[in-house]
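Me: I'm new to this structure and would like to learn how to read it. Could you show it to me and take my questions in turn?

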Amino acid sequence: MASRFSNVDPVTTADMRRQGLDPHELDRSTEQLMSLIHGNLPDPPVSTTARLTAFRARPSDGVDRISRLSDALLRDIVSRLPVKDAARTAALAARWRGVWRSTPLVLVDTHLVSSARASTPDVIAAVSRVLAAHQGPFRCVHLTCSRMGAYQAQLKRWLRLLAARGVQELVLVNRPWLREVPLPKTLFTISTLTRLYIGVWKFPDAAGLQGASFPHLRELGICSVAMKDGDIDAVVSRSPALEILNIQGSMKGVHLRLLSHSLRCVQICSFVIESVNVVNAPRLERLILSECLNPAGGSCIRVKIGNVPKLKVFGFLEPGKYVLEIQDTVIMAGIKTSASMMVTSVNVLSMKVRFGVYDDVIKMVPAFLKCFPNVKALHITSEKCDQLAGKFDLKFWEEVGLIVSVLLRLKVITFREYRARQDELAFLQYILQHAMVLKYAVVQMVNPKFTSLSVDEMAYTIDNMQPPKNKKWASTVGLLTMGTHGPEGGETWTFRKGADLSDDDPIAPVKFIIRVAGPATRQHKSRAAKHRN
């Protein structure tokens with residue numbers, strides 16, 4: 001969607017050139033950012049590409065039976081159309097003329113203009129016409145393809161209209177320009193919102209939001225918004241029904257402190273952050289941290305886990321990037337794990353590991369695993385190591401001591417970005433040797449473009465692996481080897497995956513049916529599955 005409106009309008013282009021800037025270069029960088037943001041936005045509930053079909057049981061007699069339907073049914077039909085098509089229904093018959101004006105509509109700005117070179121003024125004019133013609137309510141509004149820096153007065157007027165007309169879902173994304181555009185405080189007067197996504201803005205001063213609240217807001221997405229410490233906390237505290245919090249991108253590092261009795265899912269992706277402190281979240285079920293960065297460069301991000309009795313899914317822990325603190329105890333390599341340092345509710349755990357680095361970083365892997373004794377599904381991504389250090393073999397894992405989750409609980413292990421290195425193989429051998437109830441193991445090879453080995457050569461090392469002690473694994477564990485054509489490091493995490501609360505394991509690359517009885521069958525699928533993404 002973003003690429004349709006990638007052209008800079010003439011006014012903005014002239015402004016860029018006066019400042020000695022290349023508008024085409026800025027446009028390319030803008031498109032990269034917008035592509036990342038649009039990949040995480042929820043889809044609008046209507047589409048311009050959908051097809052309408054009807055079944056005719058007998059030849060037409062020319063009678064208009066659709067117009068005889070009740071007002072409620074007609075409004076339901078119109079509400080499923082893009083706004084331009086909904087407006088055109090007024091020309092069908094007199095019966096339809098007032099229907100679209102009383103129908104809760106979906107307004108998507110990209111549906112209003114047909115030209116691939118539509119400029120911001122064209123989009124602004126089209127949106128203003130719809131808001132002037134329709135008295136509401138609007139159940140869903142997506143405004144994502146305009147540079148709003150020079151149109152802040154119009155934006156404030158739109159938001160006042162949407163507040164008056166009870167908008168329920170709002171996606172508001174500004175296209176980047178050289179300066180930060182303030183997010184109008186008018187937004188925080190829309191008390192009817194149930195879903196809100198904002199992108200590429202400067203967050204208003206939280207002190208100026210006195211009295212603002214989102215009593216019905218269930219899902220909040222914050223994408224590339226310039227913020228300060230306390231801004232996110234302030235919004236969460238004003239959202240008593242908030243269940244899903246998604247955060248992506250930031251220019252400055254912040255400290256995030258979460259206290260919420262309603263949150264069920266928190267996802268933080270590609271975010272510059274110094275610490276995440278989950279103080280009290282009694283309903284939180286999943287916490288996803290993906291590609292986060294500390295503004296201090298090589299410093300670690302502190303992740304503190306407090307009261308989270310229902311936390312089930314936790315990812316992507318990365319030794320060397322995150323410092324894990326549980327109930328005021330910092331988890332360190334070789335630490336003796338006590339009950340107060342365990343999060344017993346987690347049953348899906350994901351980690352990114354640099355196996356070739358034989359130092360305190362790799363020693364943190366067993367330390368982290370011991371903190372989650374009830375993990376049933378473990379997802380490992382092997383990170384690229386430019387410089388291998390030391391000998392990392394099965395002996396290391398034999399000496400780490402008992403890991404309860406591996407020994408007694410683990411049923412599924414997935415290992416992505418496998419490069420057929422000895423250190424990776426040693427970890428897999430350890431799991432297969434000690435996991436007493438393991439049912440399924442999936443090994444996904446790295447894209448062969450990024451290694452000297454073919455998929456078949458990498459799969460061969462797995463298929464011919466024999467752990468030295470427990471040799472029953474070959475008949476009791478379903479083993480799947482598969483390849484990928486994806487980018488090095490794996491596919492980028494998207495909010496859609498984690499926000500689907502009906503999926504018990506959103507991180508798994510494939511889905512499994514755990515048999516109640518009977519052994520699993522080992523699957524030799526390295527060739528058949530090697531083209532899976």
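Me: Among contacts in the chain between residues at least 6 apart in sequence, what percentage join residues at least 24 apart?

Reply: A contact means heavy atoms within 4.5 Å. Here 72% of those contacts join residues at least 24 apart. Please keep in mind that this is a predicted model, where local features need pLDDT of at least 70, side-chain atom pairs count only at pLDDT 80 or more, and totals for chains, interfaces and linings use all residues. Residues are numbered from 1 along each chain as its sequence is written, and side-chain values use heavy atoms, with hydrogens and water left out.

Me: Why is helix α8 described as largely enclosed by the rest of the structure?

Reply: Buried means under 20% relative accessible area (1.4 Å probe, protein chains only). Helix α8 spans residues 360-369, and seven of its ten residues are buried, so the rest of the structure largely encloses it. Among them are Ile362, Met364 and Phe368. Their cover includes β12 (313-317), β16 (377-382) and α10 (404-409). Helices (H or I, at least four residues) and strands (E, at least two) are DSSP runs, numbered from the N terminus.

Me: How do α5 and α6 cross?

Reply: Two packed helices are described by the angle and the distance between their axes. The axes of α5 (residues 120-133) and α6 (residues 152-164) come within 11 Å and cross at roughly 25 degrees. That makes α5 roughly parallel to α6 (angles under 35 degrees). Axes are lines fitted to C-alpha atoms over the stretch in contact, with angles from 0 to 180 degrees between N-to-C directions.

Key: Buried < 20%, exposed > 50% of the residue type's maximum accessible area, 1.4 Å probe, protein only. Parallel < 35°, antiparallel > 145°, perpendicular 65-115°, else oblique.
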